[in-house]
Amino acid sequence: MTKDEMQELKELRAYRIAHEGKALNRAFARLEQLLEVAAHDPTMSIRAFRVIAECLITLKQEVEGERGLQ
């Protein structure tokens, strides 16, 4: 795959995630996308943003794990 094709595939996957599935999954997908571009946002320190993102993503994983046990 060329670089352009890889970028297009990434964008298509992001679009699909944003428009399909449950609201919680869409929200966390957006959070994960923001994590990738956090270096370009001067309003919050990168370290603080990464910690918040890591906590929320871990929370999501735990909630999904608990649902699987029920």
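Helices (H or I, at least four residues) and strands (E, at least two) are DSSP runs, numbered from the N terminus. The model on screen is predicted: local features need pLDDT of at least 70, side-chain atom pairs count only at pLDDT 80 or more, and totals for chains, interfaces and linings use all residues. Residues are numbered from 1 along each chain as its sequence is written, and side-chain values use heavy atoms, with hydrogens and water left out.

**Whole chain.** Colour by secondary structure: there are three helices and zero strands, in the order α-α-α from the N terminus. Switch to a surface view. The accessible surface is about 6000 Å² (Shrake-Rupley method, 1.4 Å probe; for residues, only the protein chains shown count as cover), and carbon and sulfur atoms hold 57% of that area. Of the 70 residues, 11% count as buried (under 20% relative accessible area; exposed is over 50%, partly exposed in between; 1.4 Å probe, protein chains only).

**Largest pocket.** Select Lys10, Arg13, Ala14, Gln33 and Glu36, which lie nearest the centre of the largest pocket among its ten lining residues. A pocket is an open set of points on a 1 Å grid over the protein atoms alone, where a 1.4 Å probe fits, with protein on both sides within 12 Å along at least five of seven lines; lining residues have an atom within 4 Å of a point. The space in this pocket is about 180 Å³, the volume being that filled by probe spheres set on points joined across faces, edges and corners. Now select 3-19 and 23-37: these are α1 and α2, each supplying at least two lining residues. α1 gives the most, with six. By class the lining has five charged residues (Asp, Glu, Lys, Arg), three nonpolar (Ala, Val, Leu, Ile, Met, Phe, Trp, Tyr, Cys, Pro) and two polar (the others, Gly among them).

**Helix α3.** Go to residues 46-69, the helix that holds Ile52. Select Ile52, Leu56 and Leu59, which make a nonpolar surface patch of about 240 Å². Patch residues have over 30% relative accessible area and no salt bridge; like charges are joined within 9 Å, nonpolar side chains (Val, Leu, Ile, Met, Phe, Trp, Tyr) within 5 Å. Ile52 is partly exposed, at 41%.

Next select Lys60 and Glu64, both in α3 and four residues apart, about one turn of the helix. They form a salt bridge (side-chain nitrogen of Lys or Arg within 4 Å of a carboxyl oxygen of Asp or Glu), with the closest N and O atoms 3.7 Å apart. The structure holds one salt bridge. Lys60 counts as buried at 17% relative accessibility, whereas Glu64 is partly exposed at 37%.
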